[in-house]
Amino acid sequence: MSQFTLITGGARSGKSTFAERLAAHAKRPVIYIATAQIWDGEMAIRVKKHQEQRPSSWRLIEEPLNIHDTLTHLKDEEGVILLDCVTLWLTNLLLAGEARYAEQSNPADPSASSDRQLSSYIYNYVEPEILAKVNEISQLAQEIKPKVIFVTNEVGQGIVPENLLARAYRDLAGRSNQILARQADSVYMVVAGYPIDLKPSGVKLLNSLFESEL
């Protein structure tokens with residue numbers, strides 16, 4: 001059974017660097033799952049920088065959507081699986097859901113593309129579908145043989161986004177991180193390059209709160 005570690009943090013917090021060092025520290029073969037899709041020049045530069053900082057000996061799998069089957073395929077591997085990152089995977093799934101809505105809507109009906117209808121579709125259909133996938137991979141990460149490290153992002157600590165899809169994404173990321181953190185053996189938040197171990201103190205506090213309610 002694997003040891004499942006979740007690493008979170010804000011933009012440029014150093015979370016990916018910490019995750020890569022943690023993976024390398026195991027002194028075992030590393031399989032890197034990249035969820036990013038290159039849509040423009042800026043993203044291409046970001047991806048290239050990530051590639052340059054990783055050891056060339058690491059095995060790379062590029063998979064933007066089907067993480068469950070990827071982990072299942074790797075379930076008997078010896079070594080470490082590093083997935084970077086969860087929130088880009090969520091972005092890909094959310095955009096796929098939005099595209100599915102656009103295909104199903106009636107372009108002849110102006111009301112069909114309203115924010116209210118899109119919001120209803122996302123929160124009633126797309127988000128539950130994605131959260132089910134998150135729950136599946138969080139359980140799978142505990143069950144497979146290799147050590148598993150997921151990198152995610154804290155995206156809900158700023159102002160409320162004006163855009164409907166951005167708000168849906170913020171909510172989806174927050175709920176997904178909660179699911180993953182509950183299942184993970186270790187949870188670290190990286191701030192200014194320094195990891196903070198969240199799970200021991202958090203579990204102790206939550207247990208004391210639940211006990212006080214009994």
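**Close-up views of a predicted model**

**View 1. Ala 192 in a loop between two strands.** Ala 192 is exposed because its relative accessible area is 67%, where exposed means over 50%, buried under 20% and partly exposed in between (1.4 Å probe, protein chains only). Ala 192 sits in the loop that joins β6 (186-191) and β7 (194-197); strands (E, at least two residues) and helices (H or I, at least four) are DSSP runs, numbered from the N terminus. The phi of Ala 192 is positive, near 55°, although the residue is not glycine. Most residues other than glycine have a negative phi, and most peptide bonds are trans. The model is predicted: local features need pLDDT of at least 70, side-chain atom pairs count only at pLDDT 80 or more, and totals for chains, interfaces and linings use all residues. Residues are numbered from 1 along each chain as its sequence is written, and side-chain values use heavy atoms, with hydrogens and water left out.

**View 2. Lys 27 in the loop between α1 and β2.** Lys 27 also has a positive phi, about 55°, and is not a glycine. With a relative accessible area of 73%, Lys 27 is exposed.

**View 3. The cis peptide bond from Asp 84 to Cys 85.** Omega of this bond is near 5°. Cys 85 belongs to the loop between β4 (80-84) and α4.

**View 4. Helices α5 (residues 115-143) and α6 (residues 164-183).** Their axes come within 9 Å and cross at roughly 20°; axes are lines fitted to C-alpha atoms over the stretch in contact, and angles run from 0 to 180 degrees between N-to-C directions. The angle therefore makes α5 roughly parallel to α6 (under 35 degrees; over 145 is roughly antiparallel, 65 to 115 roughly perpendicular, the rest oblique). Twelve nonpolar, seven polar and five charged residues form the contact of α5 with α6. Ala, Val, Leu, Ile, Met, Phe, Trp, Tyr, Cys and Pro count as nonpolar, Asp, Glu, Lys and Arg as charged, and the others, Gly among them, as polar.

**View 5. Leu 118 in helix α5.** Leu 118 counts as buried, at 11% relative accessibility. From Leu 118 to His 68 the C-alpha distance is 27 Å, and the two are 50 residues apart in sequence.

**View 6. Ala 19 in helix α1.** Ala 19 has 0% relative accessibility and so counts as buried.
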